[in-house]
Amino acid sequence: MRFFLVALLGILGIGAPAASQNAAPTRMTTADFAAQQEWSNPRLSPDGSRIALVMHDAKEKRIVILDAENPQTVIRQALLGEPPLQALRWAGNDRLLIKLQTYKPVFGFTRPADRLFIYDISADRSYEAAPEFNGTYSGDLVYVDRSGEWALVAGQNDQNDYPSIRRVDLSTGKSKQIQHQMRGVWDWYADRDGVVRAAIQYSKTNDFALQYRDNEDDKFKRITINLQRDSDDEIMVESIFLSLTDAPSTAISNHRKGRFGVYEFDLQRGRIGEPIFEHPTHDIDSYYLDNESGSVLGIRYQDDRPRIHWLDEEMKRHQARIDRALPGMANRIASFASDRNRMIIHSSRGADPGLYYLLDIGAGRMDVIANPYERVDPDQLSPVQHVEYRARDGLEIDAYLTLPKDREATNLPLVLLPHGGPFARDTWSYDPLVQFIASLGYAVLQPNFRGSTGRGREFVEKGYGQFGTGMMTDMYDGIDWLAAQGIVDPKRVCIAGASYGGYAAMWGAIDAPERFRCAVSYAGISDLASMRRYDRKLLVPVRYTEFWRDMIAGDVDAMDDLDHISPLNYARRLAVPMFIAHGKKDRIVPVEQSEKMIAALHRAEKPFDWMIYEESAHGFDEEEEFDDFLRRLAAFLAQHNPA
């Protein structure tokens, strides 16, 4: 496995020759839809003079450093290597901290393990930070010194440990331990001077407390967090932000209404106070912090589309100006300099992967610095709209409906495309698979069925024990809703998906064959019991993993009960054509999940196609393999559910 250790020589030109404005647009091909994004993760240095971003070049990913005064000028570049990028941030103006996801064997299974690397731009070299950490949880940044000379990093010394904290010299990567592990503590917090001041301590009984001290000479004292709850509901404090001024500290919690919001937090009493921001229907997703004061500047959330609620008045004014300049788009401030004079903006929508802009407020300019998908023509994409319908029990389901461009929205063939997870959600954003299917003439429905995240704890809990039942009927009800409006032909429906969506495709074809003409599974789960043994956390909502219970089987503890909703055990009942595909390097859902289903269908002599992709993992890392999948998908749909 290659790590981020090799610096490259040379300078790259950025951008492509502009196409002739008089030339007719060339119809997008499968290769265009399969093209990987070329640019991602742009970050401005604190002084605003440099831009770091990731360049996806063929099979390699590189960190590219641009001159913000002239973004066509490349200052430096370095090879990232194979491991997926988890996070990228500046440490001062001359170093980057790169968190990569590697893998290591644990108890006979391969588990993801984060590692933190340092890239020194002036010296053009990279090295690991705190290599002493040897658990799957490591490389978690607790604090970065404003000068970029040192950082506090949390991680496990061993797989059986809780995380401790090491102070890392960012010029060498060498470190020393400054905080021992504490039982039950996974989350550590420091003040703006780099003093470790607080931690959240979890217990197996779903209780959690704050370990807190006023300064580094004091001992930690345990403060019970008073959430005023009267049940064992999965209520949690997700993050705490220490106040560095006279203002109250803040916390992200779902304690009041079951949805994650931002609240005042009394450190001395361990009590959550008045709301700073609560959305009436949705969780918040993330937040912007002021590195100087530690206060929350703004909050990101998604209802029908991505949005930002700014608490900071200056940022609120900037956002309003950006939205006026780029109407009808989801405009996100991706990064900004310490003085806020320069900002990087990502502007996109469901039918447009978008562009990255550099906004220079002092100069009054906003210029494109990167096009993540050069080969995608937004004018050829199909519109994506947010819709809502009611499930048979009255539960309101939100979804995204993509209707094929330039076709009347009447009696269309449909591809039902449930998301993965299943404790995840679909959003109003560019999806090459959705757009490719729509380009073939199909309507595409992406339902956020019960159990989907973003709408609070209660909606997630409605999915517990509903893997192959309530989640599925929510999808079926979406078909009926579209058919009742005359938008789709209910006799021309195919179900397709990846991960849990792949499971839903296999199970839907078995559970309700009268509804579907075909089914397509990529990286699908065929055997729930073996999947749960492989990794329990892969089957639960990420925000609630500390409080994992028997969510899939509901109140039934017996592992065998999962067999009743596992497609593998019902291969002989398959009555519609199926296409199964999987990446051989998938470590999230092992390829054996598809291989066992393929073998079972062979034995049952059922109609199906299959393909195992040698270089792909849980998604498609190779354009050639994604292109091949799209071609096979198009042929499969044309044969069994022609548009």
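Visitor: What should I know about the model before we start?
Guide: It is a predicted model, where local features need pLDDT of at least 70, side-chain atom pairs count only at pLDDT 80 or more, and totals for chains, interfaces and linings use all residues. Residues are numbered from 1 along each chain as its sequence is written, and side-chain values use heavy atoms, leaving out hydrogens and water.

Visitor: How many aromatic pairs does a search of the whole structure find?
Guide: The search finds 24. Rings of Phe, Tyr and Trp (its six-membered ring) pair if their centres lie within 6.5 Å; planes under 30 degrees apart count as stacked, over 60 as edge-to-face and the rest as tilted.

Visitor: What do Phe449 and Tyr500 form?
Guide: They make a tilted pair, 5.6 Å centre to centre with 50 degrees between the planes.

Visitor: Are both buried or exposed?
Guide: Both Phe449 and Tyr500 are buried, meaning under 20% relative accessible area, with exposed over 50% and partly exposed in between (1.4 Å probe, protein chains only).

Visitor: And why is the pair of Phe467 and Tyr500 edge-to-face?
Guide: Their planes are at 70 degrees, with centres 5.0 Å apart, so that pair counts as edge-to-face. Phe467 is buried too.

Visitor: New topic: which ring does the charged end of Arg305 sit over?
Guide: That of Trp428, 4.0 Å from its centre. Likewise, Arg167 lies over the face of Trp150, at 3.7 Å from the ring centre. The criterion is NZ of Lys or CZ of Arg within 6 Å of the ring centre and within 35 degrees of the ring normal.
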